[in-house]
Structures are given as C-alpha cells and as structure tokens.
Amino acid sequence: MRSLAAVSSGALALSVFAVPAVHADDGPVITDVVVNGGAALALGPTAAKTFKVSVTARHSSGIDKMTIHVSLASFFDRQSDRGLTCAAVSATTSTCTGSWTVDTGGVYDNGAADDPWYVRTSVWADDASFMNTNTAATFTVRRLATLSVNAAPEPVRKNAKLTVTGKLARADWKTRKNAGYSGRSVKLQFRKKGTDTYSTVKTVSSGSGGALKTTVKATTDGYWRWTFGGNGTTSAAKATGDYVDVR
C-alpha cells in the first residue's frame, strides 16, 4: 500500500464524527471514520493539541492508496502533518491513520466552534477504481473550558456557613487568552472524606466574568468542586476538589 499524504502543519480541534461516504459505482467504499479515538477534543487559548484521524475503506480488489484532508468550510484544508500509516485489515479492507496538530495559529476566531469540520478522503482500489468525498465524516471543535474553586473559611466550625467561590472561563481563540463565561449553569458538588463519589448539592448560574459564589452548611470533612457540563461550542470542565476540614 502507498500513502499519498504530504507533510504539512495543521491547526484545529475537535469532538464528534461519522457519516457514510459517497462513492462511485463499483468503486471503494468507506466503512468507518474515527476522529481522536472517538473522544471529544477541545482547544485551549494557546497550547497545541495533536489528534489522529483513521479512515477504513473496502473494495473487492483491495485498497491501493488513500489521501485524508481535514477542513473547516472553505478556508482551512490540511493533510496529515506526519503522513499516513496504512495497514491491511483483510484482503479487501484497509485502514489509514494520520495525525494533525491543533493550535490557535490556524483558528482565527471563535466562530470555528460553531461550524462543522470535515474529513475529506480519496481512495484508490487495486483495480484502479476510485472514490472521493468531501464529507467522509464531520466533527466539531470546542473551546476548552476551565473551572476554579475555593471554599472558605478553612478550617470551619461544624454547621457553620461555608462560602464556595470560583470562576468559569473558556478559551478565546481570537485573543489567545481565557475569558470569563457568564450565564451558564454550573453544579456545586461535594465528596465526603473517605469516599470516591461526588454528589450535586446545588446548581448556580455563573455571573459577570464567569464568577461563581454560593453558601452551604459545613457538616463534615470533604471536598468541594464546581462542574460544568459543556455545550455545543464549549467543553465540559471540572475543578479540582478543595478539601475543607470541619471541626
């Protein structure tokens, strides 16, 4: 098998995928596309990410070669920045995998989180038949969210008021900084000392600049954290638990 992928730099970030490919009569058929191992991928304000795309194709004569591109609408189009590695799954089926590097250098504004990203693929069979599609798969690129938490006072008297604060922010790809994310539902959770499971205590809405604040009764030692479920443009996030000693 031969790979036609060129070496080039890429820039994006992602999340979901999978639509069947359009193919020519009697030509190769794409049977599977996997982006980032099937896991969501979110892009922060500066740090680069690398993800893989695997395309599996089938033809009765076998698969000869393949190209894979990743694109956002019409302005972003990249081949794998490390080339493709192709392997025969059977006499009729092969899988090619490439890696793409993600950074904000190629994502010029936050609108890239609203639009679908595409996997474009061309496949040649051993009998020289051919297929090409601009939508072998679609996926989304989310803005990376972050959460902080602080519970005070520490230590605290049993049954006294405990104030839990924090901030919800997400990557701003235009400024390459994190920006507060207001007006979003965020859950306050508690994990009792000696246990492994967090339980939701209440839900609050993030205020100006993503600020979070609420009060609870301190009844036992344990960890407090904020969690955000994410949405179509922004990743989920969990703060690292803040331990409070109740005396």
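Visitor: Before anything else, what counts as a disulfide here?
Guide: A disulfide is a pair of cysteine sulfur atoms within 2.5 Å. Keep in mind that this is a predicted model.

Visitor: OK. How many disulfides does that give?
Guide: The count comes to one disulfide. Cysteine 86 is joined to cysteine 96, with an S to S distance of 2.1 Å.

Visitor: Where do the two cysteines lie?
Guide: Cysteine 86 is in strand 7 (residues 84-88) and cysteine 96 is in strand 8 (residues 93-102), so the bond ties together parts that are ten residues apart in sequence.

Visitor: And why is the disulfide called right-handed?
Guide: Because the torsion about the S-S bond of cysteine 86 and cysteine 96 is about 110 degrees.

Visitor: Is cysteine 96 buried or exposed?
Guide: Cysteine 96 counts as buried, at 0% relative accessibility. Cysteine 86 is partly exposed, with a relative accessible area of 22%; the cut-off for buried is under 20%.

Visitor: Switching to rings. How many aromatic pairs are there?
Guide: The count comes to seven aromatic pairs. One of them is tryptophan 124 with phenylalanine 130: the ring centres are 4.9 Å apart and the planes are at 50 degrees, so this pair is tilted.

Visitor: What are the relative accessible areas of those two?
Guide: Tryptophan 124 has 22% and is partly exposed. Phenylalanine 130 is partly exposed too, at 36%.

Visitor: Which pair is edge-to-face?
Guide: Tyrosine 181 and phenylalanine 228 make such a pair, because their planes are at 85 degrees; their ring centres are 6.0 Å apart.

Visitor: Is tyrosine 181 buried or exposed?
Guide: Tyrosine 181 is buried, with a relative accessible area of 7%.

Visitor: What lies over the face of tyrosine 181?
Guide: Arginine 170 does, at 3.8 Å from the ring centre. Another such case is arginine 191, which lies over the face of tyrosine 223 at 4.2 Å from the ring centre.

Visitor: Last one. Which residues form an aromatic cluster?
Guide: Phe51, Trp100, Trp117 and Phe139 form one cluster.

Definitions and conventions
Residues are numbered from 1 along each chain as its sequence is written. This is a predicted model: local features need pLDDT of at least 70, side-chain atom pairs count only at pLDDT 80 or more; totals for chains, interfaces and linings use all residues. Side-chain values use heavy atoms; hydrogens and water are left out. Rings of Phe, Tyr and Trp (its six-membered ring) pair if their centres lie within 6.5 Å; planes under 30 degrees apart count as stacked, over 60 as edge-to-face and the rest as tilted. Buried means under 20% relative accessible area, exposed over 50%, partly exposed in between (1.4 Å probe, protein chains only). A charge sits over a ring if NZ of Lys or CZ of Arg is within 6 Å of the ring centre and within 35 degrees of the ring normal. Helices (H or I, at least four residues) and strands (E, at least two) are DSSP runs, numbered from the N terminus.
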